[in-house]
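Please examine the sequence and the structure below.

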Amino acid sequence: MEVNKKDTLANPLAVEVAGVELKNPVIPASGCFGYGYGMTDYYDVDILGSISFKGTTLHPRFGNPLPRVAECTAGMINSVGLQNPGIDAVIAEELPKMREVFHGPIIANISGFAIDEYTECCRKITGEKQVEIIELNVSCPNVHGGGMSFGTSAKSVAEVVTAVKKVTTLPLVIKLTPNVTDIVEIAKAAEDAGADGLCLINTMLGMRIDLKTRKPVVANVMGGFSGQAVFPVAVRMVYQVSNACSIPVIGCGGVNSAEDVLEMMMAGAKAVEVGTANLINPWACRDIIEALPAAMAKYGINSLREL
């Protein structure tokens, strides 16, 4: 798509992801912002570029047993277990409330434990008002593949992307797990299968032990490690993948400031998701958006598209 210079000058924060225009690159990551309307007591969520809503599965899920969260130096471990009301309830109840407070493009984060669950969710969400991108979380265990995550196998990633592309007309962004030997191999498999974009990274695998009880802090023993500590890993993987693939990349992992956004974009990201920072500071995304113009001016950046 050819950049309209007049539009760029009018809004230097504007970006484009998989053909979808965003007024700025800041997107609350799935699972860290709910469905958006719960944050309206803090600020007007309409200032956001987009919102990736809470990971949604075909059937309702209560999630993993408690405790689910453990604090870490410069981060946290979570093992929530995809707690959500299921795709039908999201469409019937959550999306209408979300649309009342947010009027930009919505990213639907879809999870599944088998290919038919992914395809059914994506078929149902396609055509819903304001849902303009599907973000496929392939970090879930493949129940037909021995429990291994879809995202750890290039073959499995290709299979789920191919299947979902048959049931939706929406741009399909694949959220990749960093818990692999070669992130580029997985990313290329998604691209070759027809993915329209990539999002990385999802959480790393971590664990904490309580010295008093001598037991794991999280009931599920291990969980997803996220926060500022993973930022250098995320930047490295975004750089590797954006240089190897021609489809757009959304950077995610440890983003905490306007400077982090610029660094992610310099590594090759077209937009940036903010996750754990929202749980520490509910105004994180708002503060980052407000700080972006000054940070851009400091480093001589006239518009984010030029990055």
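Met-207 counts as partly exposed because its relative accessibility is 40%; buried means under 20% relative accessible area, exposed over 50%, and partly exposed in between (1.4 Å probe, protein chains only). The model is predicted: local features need pLDDT of at least 70, side-chain atom pairs count only at pLDDT 80 or more, and totals for chains, interfaces and linings use all residues. Residues are numbered from 1 along each chain as its sequence is written, and side-chain values use heavy atoms, with hydrogens and water left out.

Met-207 lies in the loop between strand 11 and strand 12 (209–210); strands (E, at least two residues) and helices (H or I, at least four) are DSSP runs, numbered from the N terminus. Strand 11 (residues 204–206) pairs with strand 14 in the antiparallel sense over 3 bridges, where pairing requires that DSSP finds at least two bridges between the strands. Within this pairing, Leu-205 has Gly-224 of strand 14 as its bridge partner. Strand 14 (residues 223–226) is also joined by 3 bridges to strand 6 (residues 75–78), again antiparallel, and Ile-77 has Phe-225 as its bridge partner there.

Aromatic contacts come next. A search of the whole structure finds 3 aromatic pairs (ring centres of Phe, Tyr or Trp, the last by its six-membered ring, within 6.5 Å; planes under 30 degrees apart are stacked, over 60 edge-to-face, the rest tilted). One of them joins Tyr-35 and Phe-53, which is tilted because the planes stand at 45°, with the centres 5.7 Å apart. Tyr-35 is buried at 8% relative accessible area, and Phe-53 is buried at 0%.
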